[in-house]
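Biologist: I am new to this structure. Could you show me how to read its parts?

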There are 2 protein chains.
Amino acid sequence: MTITRINLEENEIPTHWYNVVADMPNPPLPPLGPDGKPVGPEQMGVIFPDTVLEQEMSGERWIAIPEEVREAYRIWRPTPLIRAVRLEKALGTPAKIYYKYEGVSPTGSHKPNSAIPQAYLNKIAGIKRLTTETGAGQWGSSLAFAGQMFGIDVRIYMVKISYQQKPFRRSMMQTWGAEVFASPSQMTKTGRDILARDPENQGSLGIAISEAVEEAASRADTKYALGSVLNHVLLHQTVIGLEAKKQLAKVGEYPDMIFAPCGGGSNFAGIAFPFLADKAAGKQVRLVAVEPTSCPTLTRGVYAYDYGDATGFTPLMKMYTLGHDFMPPGIHAGGLRYHGDSPLVSQLFHEKLIEAVAVPQLATFEAGVAFSRAEGIIPAPESCHAVRACMDEAIRCKETGEPKTLLFNLSGHGHFDMASYDRYFAGELEDFDYPSEAVEASLAHLPKVG
Amino acid sequence: MTITRINLEENEIPTHWYNVVADMPNPPLPPLGPDGKPVGPEQMGVIFPDTVLEQEMSGERWIAIPEEVREAYRIWRPTPLIRAVRLEKALGTPAKIYYKYEGVSPTGSHKPNSAIPQAYLNKIAGIKRLTTETGAGQWGSSLAFAGQMFGIDVRIYMVKISYQQKPFRRSMMQTWGAEVFASPSQMTKTGRDILARDPENQGSLGIAISEAVEEAASRADTKYALGSVLNHVLLHQTVIGLEAKKQLAKVGEYPDMIFAPCGGGSNFAGIAFPFLADKAAGKQVRLVAVEPTSCPTLTRGVYAYDYGDATGFTPLMKMYTLGHDFMPPGIHAGGLRYHGDSPLVSQLFHEKLIEAVAVPQLATFEAGVAFSRAEGIIPAPESCHAVRACMDEAIRCKETGEPKTLLFNLSGHGHFDMASYDRYFAGELEDFDYPSEAVEASLAHLPKVG
């Protein structure tokens with residue numbers, strides 16, 4: 001009997017996160033202030049506690065996972081690694097396909113992997129409240145859950161249009177005791193100013209970030225938490241790849257290629273970075289970030305200093321970007337609609353240690369449906385990007401006869417995304433051309449540095 | 001470190017289902033036809049294949065799980081058994097609380113445990129198509145998934161009001177390739193007749209059953225599948241309890257009490273029946289079926305022969321019933337809105353081998369929220385019934401100081417039910433009084449037998 005389901009015991013949850021910074025050929029470039037000078041911990045300290053900043057700035061290869069965090073991880077971790085034998089058969093490929101399934105978490109995605117340690121690190125720093133922003137609600141619900149686990153109050157600014165159109169993740173946040181406000185709100189100066197000018201404003205992630213940061217900066221008991229992009233978030237997500245590596249080793253396997261969706265970068269980093277360490281040690285493994293063709297940051301963007309948010313509130317980060325005021329087309333993989341990319345992922349891509357590929361929307365849903373029909377689990381639209389790229393490689397293997405071992409991150413289930421599948425079946429979804437004019441216009445506004 | 005998460009390897013998935021009939025003090029009473037005579041396999045054979053009927057009628061204690069079914073179970077089984085240490089702490093109880101978590105399946109509930117073998121048993125009987133009915137869609141989506149796994153076409157009659165108001169499970173069914181029709185439909189004589197009289201008819205489970213059965217009875221390549229009540233469905237669900245028993249044994253535990261939601265009975269039977277065998281052998285274990293106070297079949301119904309559906313289409317079954325034309329109040333635990341109960345569960349209750357308790361709607365949501373805040377996972381409204389009863393017992397243990405070991409079936413996650421939680425938080429849900437007049441009226445229509 002082929003082993004198709006590889007579990008770990010709870011005492012096999014990693015004891016340390018892997019920090020890729022230690023193995024990078026060049027040190028990461030620092031974030032810069034508006035004056036072009038590196039932003040130091042003092043400035044970051046306004047919105048992040050020391051405990052978080054210490055991880056954000058660390059160059060240590062292994063960072064211990066606090067026992068309280070491992071304890072909370074045990075609510076859903078270790079997650080299963082599954083061999084997609086039915087999909088292999090359906091494709092007629094000689095490739096072996098494995099997927100790491102993160103959809104078993106209480107929120108249905110990988111996001112709690114960082115929400116839990118962020119809540120804990122704030123708690124031990126004496127912080128009582130956290131603010132954050134959320135679009136469709138994956139990150140907001142994860143932080144609500146994590147805050148509840150550690151007794152921290154959480155306030156979430158949710159993009160107004162999602163607040164109105166996607167009430168279900170809002171209900172989840174409330175179930176876990178968080179406060180949720182439609183953004184722009186009356187709670188902050190940012191929100192009030194926008195509403196005074198435009199009472200019907202539907203909100204954006206950029207505005208919601210500004211509101212959450214403004215509130216965190218103005219209250220001593222309150223800090224801010226971010227769900228992707230930053231080094232410490234990527235660090236926390238490495239539990240995914242560390243577990244997957246152990247699980248593959250149990251069946252004597254090592255992947256030839258790894259695929260993950262890439263928006264802000266923590267999903268991809270989570271599964272891929274722990275294998276990058278082996279690559280430094282001479283192992284052959286290709287790491288492929290999969291992004292939407294309508295928001296192709298790595299594959300079509302420029303490598304430059306840019307703002308992390310839409311409004312220019314954050315420090316400047318060196319990253320692949322389509323310009324901070326680029327508004328990606330309305331694809332259903334909301335988690336991948338980000339103009340930039342994590343600085344660590346960007347630098348590794350720039351140094352050719354990782355690869356990237358862009359896939360169009362319809363092809364991702366087609367892959368999601370094929371996967372559901374073969375393997376049962378319905379993937380979230382973001383995860384469908386990894387499914388697509390992995391299936392494409394498996395189909396190539398069929399042509400070449402190569403029995404490659406492929407691994408991808410099935411980062412979340414699609415139970416909150418059935419309306420998107422519905423529209424796909426109704427023929428209402430479209431592929432967007434690469435929005436070259438919009439990107440060009442946006443890149444013209446890149447901040448000048450140095 | 002307390003072990004909180006007890007996994008099994010995939011080769012520990014049970015090899016046999018447990019058939020409680022073998023250990024019942026008295027043989028189960030047969031279903032009767034309109035003439036008051038037992039219904040034989042010939043009549044049942046119109047809508048069920050021999051392979052299914054063989055299990056339905058079997059008195060064997062152990063029935064082998066076909067290798068192809070275990071293979072498909074491995075998509076999500078074994079499911080975790082989790083010690084609710086955070087909930088214990090929040091309640092301050094000396095009781096140990098364990099829950100079996102069935103929400104990790106592709107459909108998010110325990111229903112595929114029977115959908116998978118039913119699809120397989122039909123396949124080996126040469127059946128190409130299955131029909132079924134579904135209300136909110138838990139069973140329909142599970143049969144769609146199972147049909148896809150075994151290459152069987154599935155047609156689902158979905159109660160029209162749910163079809164319109166709850167599109168997400170409909171989308172799931174379509175993702176797995178099933179046809180879904182709003183019932184009453186134009187596909188059957190039953191549907192056409194109803195629509196001719198009442199074009200605005202919103203449908204009911206009774207009508208949907210009639211449509212599915214009518215189609216199955218009229219086509220040689222098509223059979224019917226049911227998601228609860230019948231013996232073979234309860235049999236299939238025993239994988240839950242069999243796994244839980246192994247998992248508890250790994251940590252040297254045995255439950256004093258077991259709780260599960262009880263609508264048609266397969267959820268409860270699934271976790272409880274395997275322990276009933278030990279009870280016959282002298283073990284002390286209390287098995288508690290938890291039902292809604294607004295539809296209290298076991299706790300307030302009568303033990304009599306009645307129809308399984310609302311319209312009197314099915315054979316008569318001896319069961320606890322509130323009368324087949326009793327329409328339960330609109331509680332949000334749709335899976336528990338059934339006028340009757342499985343004949344096996346009913347007989348065991350009648351013979352005092354199992355217990356039952358009824359809980360009101362608001363108390364179940366209160367328990368669901370408390371559980372979510374302690375343990376992370378948000379339970380489906382049906383599962384909240386078991387959470388409530390188990391919490392009540394844990395609170396009693398606090399008063400008496402008894403360190404009981406409690407086990408409950410967390411049969412599904414609430415990711416499709418957040419609208420119900422939303423209404424709970426908005427104060428829009430109510431408790432329904434026991435509808436004594438409606439039940440009395442309905443019981444006046446019980447069929448006369450013998």
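Modeller: Chain A is divided into domain 1 (5–9 + 67–108 + 232–443) and domain 2 (44–66 + 111–230), with bounds from an automatic or database domain assignment. This is a predicted model: local features need pLDDT of at least 70, side-chain atom pairs count only at pLDDT 80 or more, and totals for chains, interfaces and linings use all residues. Residues are numbered from 1 along each chain as its sequence is written, chains are lettered from A and ligands numbered from 1 in the order in which they are written, and side-chain values use heavy atoms, leaving out hydrogens and water.

Biologist: How many residues does the contact take from domain 1 of chain A and from domain 2 of chain A?

Modeller: Contact means heavy atoms within 4.5 Å. Here domain 1 of chain A gives 36 residues and domain 2 of chain A gives 37 residues.

Biologist: What area do domain 1 of chain A and domain 2 of chain A bury between them?

Modeller: Buried area is the accessible area (1.4 Å probe) that two parts lose on being put together, summed over both. For these domains of chain A that comes to about 3,200 Å², 67% of it on carbon and sulfur atoms.

Biologist: And how are chains A and B related?

Modeller: Two copies of a chain are related by a rotation about an axis and a shift along it. Copies are superposed by least squares on the C-alpha atoms of residues with pLDDT of at least 70 in both. A rotation of 180° with 0.0 Å of shift along its axis brings chain B onto chain A (RMSD 0.0 Å). That is the relation of a two-fold axis. In chain B, the C-alpha of Val104(B) is the nearest to the axis, 3.0 Å from it.
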